[in-house]
Amino acid sequence: AWAQSGEKGSSLRALSLLEDMGAHGIQPDIGVYNSILRALSNDSDNAKASRAETLLNKIKNDRKLFPDTNTYNNVLRCCCTTRSDDISTKRNAIRIAAETMLQLQKDTKIVPDCYTFNFFIKACDRLCSPGNERTKMIHSAFRYSTSTGNFKAPVLSLLKNVLSPAELKKLLCIADGRDLRKLKISDFPPEWQSERPKKL
């Protein structure tokens with residue numbers, strides 16, 4: 001229940017349960033960690049991105065645990081749902097989002113999905129000030145999505161919402177005067193949409 005609750009502090013109760021499991025010698029599996037990360041993302045706690053980063057590091061340092069796509073996605077979701085006017089809080093959340101994406105790219109066993117890119121692009125849009133840094137990060141996410149076959153309709157829809165017409169044209173290399181609102185995923189190379197496993 002706490003994984004779905006948006007009540008402030010609900011994730012702290014989930015973290016407390018995790019500590020209780022450890023105190024009683026119970027080894028939580030990755031499903032438990034993913035549920036706690038999901039609870040964090042639904043919480044209104046401004047420190048949730050930092051808490052998610054701590055949990056991800058704990059998982060990666062445990063030889064019996066292996067993060068999966070949901071793990072990374074939930075950390076990114078914690079970042080993109082961080083709502084704060086505090087500049088340091090926003091900078092920390094976007095740092096965590098960027099480092100999480102880098103870790104995911106380096107992980108030879110995990111393949112991202114379209115939600116991975118949606119959460120990251122939302123984080124860039126909500127946490128970065130307009131300018132070169134925001135544009136560069138969104139462009140990087142776009143290239144990563146096409147290289148992994150995850151440029152799907154939800155990603156295109158989000159890009160249309162967060163980028164200006166000029167930015168969108170430059171990103172998608174559109175030179176004609178077509179109506180950008182009518183762009184469909186079928187207008188782009190099929191290999192951009194065909195998920196490919198990572199080479200081990």
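**View 1. The largest nonpolar core of this predicted model holds 53 residues.** Such a core is a set of buried Ala, Val, Leu, Ile, Met, Phe, Trp, Tyr and Cys residues joined through side-chain atoms within 4.5 Å, where buried means under 20% relative accessible area and exposed over 50% (1.4 Å probe, protein chains only). Among the residues with the most contacts inside the core are Ile-94, Phe-120, Phe-151 and Leu-172. Helix 6 (114–127) is one of the helices that supply at least two residues each, and the largest share, eight residues, comes from helix 6.

**View 2. Leu-172 and its partners.** Setting aside neighbours within four places in sequence, Leu-172 touches Phe-142, Phe-151, Leu-156, Leu-183 and Phe-188, contact being heavy atoms within 4.5 Å.

**View 3. Cys-173 sits in the segment after helix 9.** Have a look at its backbone: Cys-173 has a positive phi of about 55° although it is not a glycine. Cys-173 is exposed, with a relative accessible area of 69%.

**View 4. Helix 2 (residues 30–42) packs with helix 4 (residues 69–80).** Helices here are DSSP runs (H or I, at least four residues), numbered from the N terminus. The axes, lines fitted to C-alpha atoms over the stretch in contact, lie 8 Å apart at an angle of about 15°. The two helices are therefore roughly parallel, a label for angles under 35 degrees. Ile-30, Asn-34 and Leu-37 of helix 2 are among the contact residues, as are Asn-70, Thr-71 and Val-75 of helix 4.

**Notes.** Residues are numbered from 1 along each chain as its sequence is written, and side-chain values use heavy atoms, leaving out hydrogens and water. In this predicted model, local features need pLDDT of at least 70 and side-chain atom pairs count only at pLDDT 80 or more, while totals for chains, interfaces and linings use all residues.

Terms used:
Axes are lines fitted to C-alpha atoms, for helices over the stretch in contact, and angles run from 0 to 180 degrees between N-to-C directions. Angles under 35 degrees count as roughly parallel, over 145 as roughly antiparallel, 65 to 115 as roughly perpendicular and the rest as oblique.
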